[in-house]
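Hi,

Have a look at it first, then read on.

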Amino acid sequence: MTAAQHDDQHGRPVAPGKGRQRPLGMAEVTLTGGFWAKLQQTNAAATLAHCEEWMERLGWLANFDHAADGTTGPERPGWPFSDSEVYKLLEALAWEYGRTADPVHGAAVRRLTARIARAQDPDGYLNTAYGHPGRQPRYSDLEFGHELYCTGHLLQAAVARLRTYGEDELTAVARRAADHVCDVFGPSGRPDICGHPEIEAGLAELGRALGEPRYVEQARLFVERRGHGRLANVPFGIGGAAYFQDDEPVRTAGSWRGHVVRQLYLAAAAVDVAVETDDGELLAAVERQWAHTVARRTYLTGGMGSRHQGEAFGDDWELPADRAYCETCAGVASVMVSWRLYLATGDLKYADLIERTGYNLIAASPRSDGRAFFYANPLHQRAPGPAADDGAVSRRAEGGTRAAWFDVSCCPTNVARTLATWQTYLATVAGERELTLLQYADARIDATLGDGSPIALDVETAYPDDGTIAIRVRQAPPAPVTLRLRVPAWADGAWLEEGGGRRPAAPGAVVVERRLRVGEELRLHLPLSPRHTWPDPRIDALRGCVAVERGPLVLCAESVDLPPGLTLDAIAVDTASPPTDRSGGTLIRASATTDADHAWPYDNRPAPRDTPAQSTEVPLVPYHQWAERGPSAMRVWLPAAPR
């Protein structure tokens, strides 16, 4: 890679060669405080070491040592895909070192890289679960072996290292692995695909980073091969070929279906391929599928996946709150797809979904200390989950309690790599002199516009607790610029303050087109009054219910906030009384009753309440904070009282 290529892509997890928008890199955006900076700091200080400690304890790291020494046997610890967790951690560490130059993280990158490199075969193959003594042969279980999936995460770790440090041993390992994949599965090789997409995105991004079109072409081949029934059907009735998205080609499918993370990783790669190859039809297909899924198969939190069986999408309008799966990894993958679609098209609806998913799903997964996580994210917990045991591996993804580690621990490492790069989602540049602010946080922006001129802004805000975003100009070009500030779809009544005046800011973007003056300040005001949110009546499971949102935050009721004797299932929201902010929290007016148990829960007439309804105030908390005070029952959607 040339120095020019490195500078152009520096610190960007996604660096498309084409598209409407160019993302800013780590050197151009710094989080200086607030919501996301706190999460990022906790990730760096606690989560990264926590993940490495667990992988060492369980033998997942030692798997690489055994592969290198020829001592791998039938009792290898971990699932076949445990290598991928090591690679995601390595990616997170590489981004974190690129962000802070912390020598602790730099040493961790080198330490893990050395162990991984020793395990690579001379022809570039690298996997600890296959192709070794006592193990199955290479590529003998493409449905569930995850070999190419693991390689994809290795390549993305190398991209992080390449774009924050430069070429080193890790990037050399990735080159050999990518070359091996192209040799085995290229146009004249095996016409097969992996049961879990990820190799496609890894190849596409490594190809961009290294300027190697062979890798992008191999990603394209994998995307085009899917949907033709190449994989064996899935047992246990969890979706057949649709589970793998192998039932219909990407470019003709009408909706996202099957295993959610598989689908979203595939969609992200399809956008990469479409952008690099100027394939408008393929890009339009992913845009169409995104629109269908967001309109009919996405939860209020931005979560995706309504079926625990198969970790899958349900049918249209199948969005039960209490059985929502909403895997944390699916939230990360949703952001990956939406970010790529935004960069390709410039449509701000994709940034809206990133905001919703970020605050209400990704931020909900890690405990405040960064050492325990949600795997699944239901919107209704009927009974408090078990007390946390931070010394045990959780066997259940849906326990209602954040767990220190999981038998399948894909979510902690996915959260880690996402938080390490969160500042790169804040802003983009386009054209000659256009900059768009997409996500709001305390930040320092030092960007280079399309014409090469510098622009520097300081952003100060207490968002999402407060809706005022102050943007101060530190440096500006002498020519006029276009500054776009995203106004979320929920923000009716927003306004912009500039030069002593104010003007309305409708949902979409408010635009400032003029020469900026050093020292001047713009203030965007987003209304954060709590509001009732009603579900589409076609969502059977939510009929008669209402939720409350405040700004970008979805709120919920927790059992720990209710007085003794009152339960969540006895509350009905008085929707004639708007929710209010008081004493640092949000309150709703609700009626509450205590019903007696009956021998049969049905009747041939509407049953009267056993006790008169009493009016009460119920406090709500942001969904991302639920279960922080210990196990609790929780509801996002609450019954609406009859009017």
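Let's start with Cys150, which counts as buried because its relative accessibility is 0% (buried means under 20% relative accessible area, exposed over 50% and partly exposed in between, with a 1.4 Å probe and protein chains only). Cys150 takes part in no disulfide, and the nearest cysteine sulfur, that of Cys194, lies 8.1 Å away. Cys411 is also buried, with a relative accessible area of 0%. Cys411 is in no disulfide either, the nearest cysteine sulfur being that of Cys329 at 3.5 Å. A disulfide here is a pair of cysteine sulfur atoms within 2.5 Å, and a search of the whole structure turns up 0 of them.

Before you go further: this is a predicted model, in which local features need pLDDT of at least 70 and side-chain atom pairs count only at pLDDT 80 or more, while totals for chains, interfaces and linings use all residues. Residues are numbered from 1 along each chain as its sequence is written, and side-chain values use heavy atoms, leaving out hydrogens and water.

Next, helix H11 covers residues 280–296 (helices are DSSP runs of H or I, at least four residues, numbered from the N terminus). Its buried residues are Leu282, Leu283, Ala285, Val286, Gln289, Trp290 and Thr293. They cover an arc of only 155 degrees around the axis, so they sit on the same side of H11; the arc is that of the directions from the helix axis to the C-beta atoms. These buried residues pack against helices H10 (260–277), H12 (328–345) and H13 (349–362), with contact meaning heavy atoms within 4.5 Å.

Enjoy exploring!

How values were computed:
Helices (H or I, at least four residues) and strands (E, at least two) are DSSP runs, numbered from the N terminus. The expected span of a helix is 1.5 Å times one less than its number of residues.
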